[in-house]
Amino acid sequence: ILYTTSEANSISTIKTYKELASKYGFEIVDKGITKQAEIPQVLDVLLSQVDCISNLTDNTVVAALGVVLDKANAQKIPVFGSEEEQVKNGCIASAGLDYFNLGKQTGVIAARVLKGEDISKINYETVAETKYTINENTAKALGIEIPESVKALVK
């Protein structure tokens, strides 16, 4: 995982990944950056140590997704995205939130507030449904066959 050391969302997500890695038989290798200009050099080191990259919703890394994909694809290393747009841009797959459904859910909460409900009494909500996305062109280019059981998750 390549991440920006000053992004709290990335720090939090990596902590969760590390807590869950052994449950799934993964080893997490992470490299932190402080600015986008560091990505190519740090990525070269990271790619020599991993079988795949998991791309977070890290703003700095996502802004350089093209560089990440170019370098990883050249070494036939898949990059997993954190949401659908990253997959459309070349990541092999993602299991993440659906921004459309998030917008609908947010709209329902906004309507409650506009109707007079006290916002301080509205509980925090998360999106419960995961959206699965696969880029079959990327899989083919990397020589990876997506199992039918995984394809079946895509709606």
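**Charges and salt bridges in the predicted model**

The mean positions of the 16 positive and 20 negative charges of the protein lie 3 Å apart, where Lys and Arg count as positive and Asp and Glu as negative, with His and the chain ends not counted, and where the place of a charge is taken as NZ of Lys, CZ of Arg, CG of Asp or CD of Glu. The model is predicted, and local features need pLDDT of at least 70, side-chain atom pairs count only at pLDDT 80 or more, and totals for chains, interfaces and linings use all residues. Residues are numbered from 1 along each chain as its sequence is written, and side-chain values use heavy atoms, with hydrogens and water left out.

The secondary structure comprises 8 helices and 6 strands, which are DSSP runs numbered from the N terminus (helices: H or I, at least four residues; strands: E, at least two). Along the sequence these elements follow the pattern β-α-β-α-β-α-α-β-α-β-α-β-α-α. Of the 155 residues, 33% count as buried (buried means under 20% relative accessible area, exposed over 50%, and partly exposed in between, with a 1.4 Å probe and protein chains only).

The structure holds 11 salt bridges, each defined as a side-chain nitrogen of Lys or Arg within 4 Å of a carboxyl oxygen of Asp or Glu. One of them joins the side chains of Lys 15 and Glu 19 (3.9 Å, N to O); these residues are 4 apart in helix α1 (residues 8-24) and are therefore separated by about one helical turn. Lys 15 counts as exposed, at 53% relative accessibility, and Glu 19 is likewise exposed, at 53%. Another salt bridge is formed by Lys 18 and Asp 30 (2.9 Å, N to O). Lys 18 lies in helix α1 and Asp 30 in the loop between α1 and β2 (31-33), so the pair ties together parts that are 12 residues apart in sequence.

The side chains of Glu 84 and Lys 131 also meet in a salt bridge (2.9 Å, N to O). This pair links distant parts of the chain, with Glu 84 in helix α5 and Lys 131 in strand β6 (residues 131-134), 47 residues apart. Salt bridges that share partners join Glu 84, Glu 85, Lys 88, Asp 98 and Lys 131 into one network.

Glu 83, in the loop between β4 (79-81) and α5 (84-88), is buried yet has no salt bridge, the nearest side chain of opposite charge, Lys 88, being 8.1 Å away. A polar atom of the Glu 83 side chain does, however, lie 2.8 Å from the backbone nitrogen of Glu 85.

How values were computed. A polar contact is a pair of N or O atoms within 3.5 Å; within protein, one must be able to donate a hydrogen and the other to accept it, and residues adjacent in sequence count only if both atoms are side-chain atoms.
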